[in-house]
Amino acid sequence: HLCAEPLVAASLDLHLASTRKSNSEAPEDRAARICRARARLLAQRYPEAETLLAELVTELPGNAELAAGLGHARFAQGRYDEALEAYQQAVDADANARDATTHLRISQICTMQAEASPPGPAQQARWARARDAALLASKFEPSSTTWLTVGVACLALHATSEAEEALSEACVLNNRNSLVWAHLCLLTLKAGREGEAAESLKQALRLGLSEASLLQRIGAEYLQLGQWSTSEDALRRAVAAGAGAKALLFLADCLADKGETTEAIATYERLLVPAQEAASEEEGPSATPEPLTEAEERHVRARLAQLQAATGRAAQ
């Protein structure tokens with residue numbers, strides 16, 4: 001009856017064989033516990049699955065499948081550091097395993113860690129690990145997602161040619177992935193190929209790009225190039241998608257540079273509203289969720305003072 005839960009019966013034979021191979025003296029109930037853990041995982045009952053799998057991994061530390069399952073349970077609960085430990089244990093247990101999902105998860109976690117790290121050798125090491133794991137995932141089961149993950153890491157490592165090759169592979173496998181087109185836009189902008197960047201951005205938006213951080217990065221790149229209309233559009237989309245104070249700051253700078261003084265002043269003033277007050281005044285993704293840094297606040301106050309002074313002179 002333990003194997004009657006959804007989607008489990010078909011995989012029971014695999015688990016039984018794996019268990020017997022791993023430990024011929026395993027207790028009689030181990031196969032049932034493996035089956036039950038698998039059932040909990042497939043039923044998205046992740047805390048229960050984790051409890052069972054953690055016990056089983058302790059008993060069978062050389063079983064890569066069980067360690068990977070433990071990683072999946074932790075990943076689904078947002079406990080990424082612990083998930084990474086389990087995934088690495090799975091890789092260490094079977095160096096010849098061709099489990100693309102495990103390598104992709106390792107890459108995704110390392111990417112998150114790198115993005116949250118300050119610039120420096122530790123961040124670069126995380127990006128390199130993310131790239132290497134994604135390359136293995138692409139080798140075993142190539143997909144738009146695996147090659148995109150390679151491309152993102154290569155971009156962060158300033159390996160432009162490798163990034164372009166990876167993103168091109170991702171596009172070949174799925175030319176309707178808005179994230180791929182968005183990263184191609186960033187890559188070609190940095191390479192000075194503005195025409196290609198414009199086409200890539202057009203494709204990304206047509207396919208529904210809504211990732212706030214990417215829209216913010218694209219808007220910031222266009223702001224540096226002085227292409228204010230394109231920058232403004234990307235930054236407004238970023239703010240609407242839930243980007244924080246940094247996107248709003250870029251938008252205010254863009255409006256000021258365009259000569260949209262009244263709206264620029266209003267946007268700078270909005271940035272100076274304390275985060276809690278902003279959240280109570282304005283609901284939804286356009287609220288400012290985090291405070292400015294000291295340097296950003298000085299920048300805002302300086303630009304605001306310049307615009308207000310210029311507006312006062314114009315009124316006189």
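Which residue's side chain meets that of glutamate 82 in a salt bridge? In this predicted model, the partner is arginine 79, and the N to O separation of the pair is 2.7 Å. Both members of the pair fall in the intermediate class of accessibility, glutamate 82 being partly exposed at 32% relative accessibility and arginine 79 being partly exposed with a relative accessible area of 26%.

The pair formed by glutamate 82 and arginine 79 belongs to a count that comes to 21 salt bridges. In general terms, side chains of opposite charge can pair when their charged atoms come close. A further example is provided by aspartate 132 and arginine 131, for which the closest N and O atoms are 3.0 Å apart. Here again aspartate 132 is partly exposed, with a relative accessible area of 38%, and arginine 131 is partly exposed, with a value of 27%.

A salt bridge is also found between the side chains of glutamate 55 and arginine 33, with an N to O distance of 4.0 Å. Because glutamate 55 is located in helix H3 (residues 46–59) and arginine 33 in helix H2 (residues 30–42), this pair ties together parts that are 22 residues apart in sequence. The two partners fall into separate accessibility classes: glutamate 55 counts as partly exposed at 39% relative accessibility, whereas arginine 33, with a relative accessible area of 10%, is buried. Both residues take part in a network of salt bridges that links Asp29, Arg30, Arg33, Glu55 and Glu59.

The largest share, seven residues, comes from H8. When the lining is divided by class, 13 residues are nonpolar, 11 are polar and five are charged.

When neighbours within four places in sequence are left aside, threonine 111 is in contact with Trp127, Ala130 and Thr149.

Helix H14 (residues 245–258) was examined for its length and its burial. Its 14 residues reach 20 Å from the first C-alpha to the last, which is close to the 20 Å expected at 1.5 Å a residue. As 11 of the 14 residues of H14 are buried, the helix is largely enclosed by the rest of the structure. The buried positions of H14 include Ala245, Ala247, Leu248, Leu249, Phe250 and Leu251, and they continue with Ala252, Asp253, Cys254, Leu255 and Ala256. Just after H14, glycine 259 adopts a positive phi of about 90°.

Note on methods:
Residues are numbered from 1 along each chain as its sequence is written. This is a predicted model: local features need pLDDT of at least 70, side-chain atom pairs count only at pLDDT 80 or more; totals for chains, interfaces and linings use all residues. Side-chain values use heavy atoms; hydrogens and water are left out. Helices (H or I, at least four residues) and strands (E, at least two) are DSSP runs, numbered from the N terminus. Buried means under 20% relative accessible area, exposed over 50%, partly exposed in between (1.4 Å probe, protein chains only). The expected span of a helix is 1.5 Å times one less than its number of residues. Ala, Val, Leu, Ile, Met, Phe, Trp, Tyr, Cys and Pro count as nonpolar, Asp, Glu, Lys and Arg as charged, and the others, Gly among them, as polar. Contact means heavy atoms within 4.5 Å.
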